[in-house]
Amino acid sequence: MASQQPCGGSIDLFFDRIVDVAGLYHLDPALVLGHVAAHEIGHRLLGKGHAREGLMRSPWSARDFERATLGLLLFTAPDVETIRGEAAACERISSSEPSAVIRR
Ligand SMILES: [Zn+2]
């Protein structure tokens with residue numbers, strides 16, 4: 001399921017919570033931050049739902065964090081296919097729009 005505005009917007013990451021979770025599982029906060037950021041970006045492209053497995057699962061268990069440590073907490077193959085489609089659609093939209101103007 002695609003989100004309504006996959007090509008724009010923002011995500012919120014709460015670093016204090018990330019540090020708390022990292023401490024709970026004895027992980028590097030950077031590892032948790034990276035996976036949380038990827039998960040939230042995944043929501044932008046896949047929608048608000050969660051999956052039964054992979055990076056879009058929620059909540060993450062100790063086993064998920066173990067998989068993250070091994071570099072194995074990933075998007076599923078169907079998620080990857082959807083993300084690629086959404087990213088390509090966003091690229092087509094952005095290439096057909098005028099360049100952004102940065103104002104100071
Ligand atoms: Zn989520």
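Predicted model: local features only at pLDDT ≥ 70, side-chain atom pairs only at ≥ 80, totals over all residues.

I began with the elements and found four helices and zero strands in the protein; helices (H or I, at least four residues) and strands (E, at least two) are DSSP runs, numbered from the N terminus. Read from the N terminus on, the order is α-α-α-α.

Residues are numbered from 1 along each chain as its sequence is written.

**Helix 1 on helix 2**

Next I checked how helix 1 (residues 15-24) meets helix 2 (residues 29-46): they pack at an angle of about 120 degrees, with axes 8 Å apart. Axes are lines fitted to C-alpha atoms, for helices over the stretch in contact, and angles run from 0 to 180 degrees between N-to-C directions. That angle makes helix 1 oblique to helix 2 (under 35 degrees is roughly parallel, over 145 roughly antiparallel, 65 to 115 roughly perpendicular, the rest oblique).

Which residues make the contact? Helix 1 brings Ile18, Val19, Val21 and Ala22, and helix 2 brings Pro29, Val32, Leu33 and Val36; contact means C-beta atoms, placed from the backbone, within 7 Å. I sorted them by class and got eight nonpolar, no polar and no charged residues (Ala, Val, Leu, Ile, Met, Phe, Trp, Tyr, Cys and Pro count as nonpolar, Asp, Glu, Lys and Arg as charged, and the others, Gly among them, as polar).

**Core**

I then looked at burial: buried residues make up 15% of the 104 residues. Buried means 20 or more other C-beta atoms within 10 Å of a residue's own, exposed 12 or fewer, and partly exposed in between.

The largest nonpolar core has seven residues: Leu45, Leu46, Leu55, Met56, Phe65, Ala68 and Leu73. Such a core is a set of buried Ala, Val, Leu, Ile, Met, Phe, Trp, Tyr and Cys residues joined through C-beta atoms within 7 Å. Helix 2 and helix 3 (62-69) each supply at least two of its residues.

**Asp64**

My last stop was Asp64, in helix 3. Is Asp64 buried or partly exposed? It counts as partly exposed because it has 19 C-beta neighbours inside 10 Å. Beyond four places in sequence, Asp64 touches Arg57 and Leu73.

Methods:
Contact = placed C-beta atoms within 7 Å.
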